[in-house]
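Hi there,

Here is the structure I promised to pass on to you. Please open it and keep it beside this email while you read.

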Amino acid sequence: MTEHAKYAESREVGEQARETEWTRPSFAKQLFLGDFRLDLVHPVPSLPGDATRRGEEFVRAMRRFLDAEVDPALIERTAQVPDEVVKGLAQLGAFGMTIGKEYGGLGLPYLYYCRTLMLVGSYCPALATLLSAHQSIGVPQPLKLFGTEEQKREFLPRCARGEISAFLLTEPDVGSDPARLSTTAVRDGDDYVLDGVKLWTTNGVVADLLVVMARTGKKISAFVVEADSPGITVRRRNGFMGLRGIENGVTEFSQVRVPAKNLIGKEGQGLKIALTTLNTGRLSLPATCAGNTKWAVKIAREWGNERVQWGREVGRHEAVATKIAFIAATAYALEAVCELTSRMADDQRNDIRIEAALAKLFASELSYQALDELVQMRGGRGYETAESLAARGERGVPAEQMLRDSRINRIFEGSSEIMHLMITREAVDAHLSAAGELINPDASRQERAQALRRAGRFYATWLPTLVAGTGNLPTAYAGFGPLSAHLRFVERTSRKLARSTFYGMSRWQGGLEHKQVFLGRIVDIGAELYAMTAACVKAEEDSKDLGQRPYELADTFCHQARHRVAALFERLWDNSDHQDVRLAGYVLDGRYDFLEEGVLDPSIEGPWIGAPEGGENVRRKIL
């Protein structure tokens, strides 16, 4: 198969898995089209009083449990969450936060699920990963959305009681390109027989239940699999740069029999199930990112006041003060993005597939920058481990650990690069519906002619709306007080963003899908605008209890975001992308192999892509 054919096949698989219908409005979708629909996010949807009460009670109970029963330094040191902690979380109901009460769960709103993960993530990111992988992408969420009533009654109560679940999609040679999936599920009477190897199975080492993606013929299907089934072997437990307490492994399936009744949805719906699950499942990552960054504010404030250099506290020096301002403003915005998106998920009136993806992308990138700035603020102490600091008599601040732990967030559940492409595909859906064949390099002449007429009608109506709008009125959004200017900026900039997208389509036509860096900048601008909106909406609500202080945080964040947006717009058209791609090609061809002279490679010899063979089953049961 040629390279072009392989690409086309992968693209087709991805398209088949997409939700193609937009039955509910989407704030972010309209934002990318130059239509700033503030009414979709303000006033923010509220929760029923009982749901709020139960949510607040659980967050308080979780705080007490963490404080009394969890030693994050021990988990980092031993690279394992103690069984007693897992059992304590189960007794608390933490494994059933998102599972309905009718199935034995707590039935918490997403808002409080995220607030709980924000709290846990600030204290022990590995523990937050255990809980979120179980509920966000493990068995509960796919069954909640696609499972039969029989499946829900069989498996959800087990998950709620604390039987751990894991999600198995990735393979040694399959990352974000599911067309290459090689694990198979062959029908044999009342069973399917699974064969294959899965990599990076978070929770997989200790899981009781698995969601497994496998190929049924030419399509991909999803199954609930008992983790102790004959033929399943956990070949190893993987070790990582951070999140040392997670139970992530390599799982092998050899002639594993799975009852046909454990098929989730229908044959061929596997990728759709995975992508739909992640629409809300991705909310766990922005929550933990917000928690990390809010913790960084506390450390930055305390250290900025404690450390004295050249006659004044380091936080009062401008070079450090700008870092503190960035950390604090970012923390407020990330919490705002997380809360707004989770509230919309609870409200269910909006389609949040783009908003959830933007939240994940933006939070993972900005929180890592904030933690990196915290490490820089702390200097040598930021690079030193908490255990080493404590051993020599200082406060054991785990800044370097938090930075290491947060690095995976830019890769988990879709790398930033893949998120850019996925969001772009959804954001330009209206354009593709109107002119898809026009920019499709494989379209026939007749299809292009039809698309040209269809596109002409769409753009004749749409383009005039991008000329002027509410953002040009000096009194618009006056109810937001000092933040009204920022909302006017968002409205104007959303129209500029839509025009830029149109210019890109006009310039590159069918080649636009390969302009990944251009499209990434388009998405990053949209993410900044979404975060600005969320921060302004949160500040307006928070000001009722907190006065002017939320406005100050949101105002500073918006000023910072506006500068980032300006830089992104400038780089849309003035950049080194072409030269970079050409140079990369030369590097890959070996043209500059002289650059590699004078160094030694400490890598351990072995194939670039492989799988463990032999050895004992390292799966363990939490007793």
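Below is what I found, starting with how to read the model.

This is a predicted model, in which local features need pLDDT of at least 70, side-chain atom pairs count only at pLDDT 80 or more, and totals for chains, interfaces and linings use all residues. Residues are numbered from 1 along each chain as its sequence is written, and side-chain values use heavy atoms, with hydrogens and water left out.

Let's begin with two helices (DSSP runs of H or I, at least four residues, numbered from the N terminus). The axes of α12 (residues 318-347) and α22 (residues 549-573) come within 9 Å and cross at roughly 105°. The two helices are therefore roughly perpendicular to each other (angles of 65 to 115 degrees count as such).

Is T293 buried or exposed? T293, in helix α11 (residues 284-306), has 0% relative accessibility, so T293 counts as buried (under 20% relative accessible area; exposed is over 50%, with a 1.4 Å probe and protein chains only). Leaving aside neighbours within four places in sequence, T293 touches I327, T330, A331, L334, S367 and A370.

G189, by contrast, sits in the loop between β2 (184-188) and β3 (191-202) (strands are DSSP runs of E, at least two residues). At 51% relative accessibility, G189 counts as exposed.

Happy exploring!

Definitions and conventions:
Axes fitted to C-alpha atoms, helices over the stretch in contact; angles between N-to-C directions. Parallel < 35°, antiparallel > 145°, perpendicular 65-115°, else oblique. Contact = heavy atoms within 4.5 Å.
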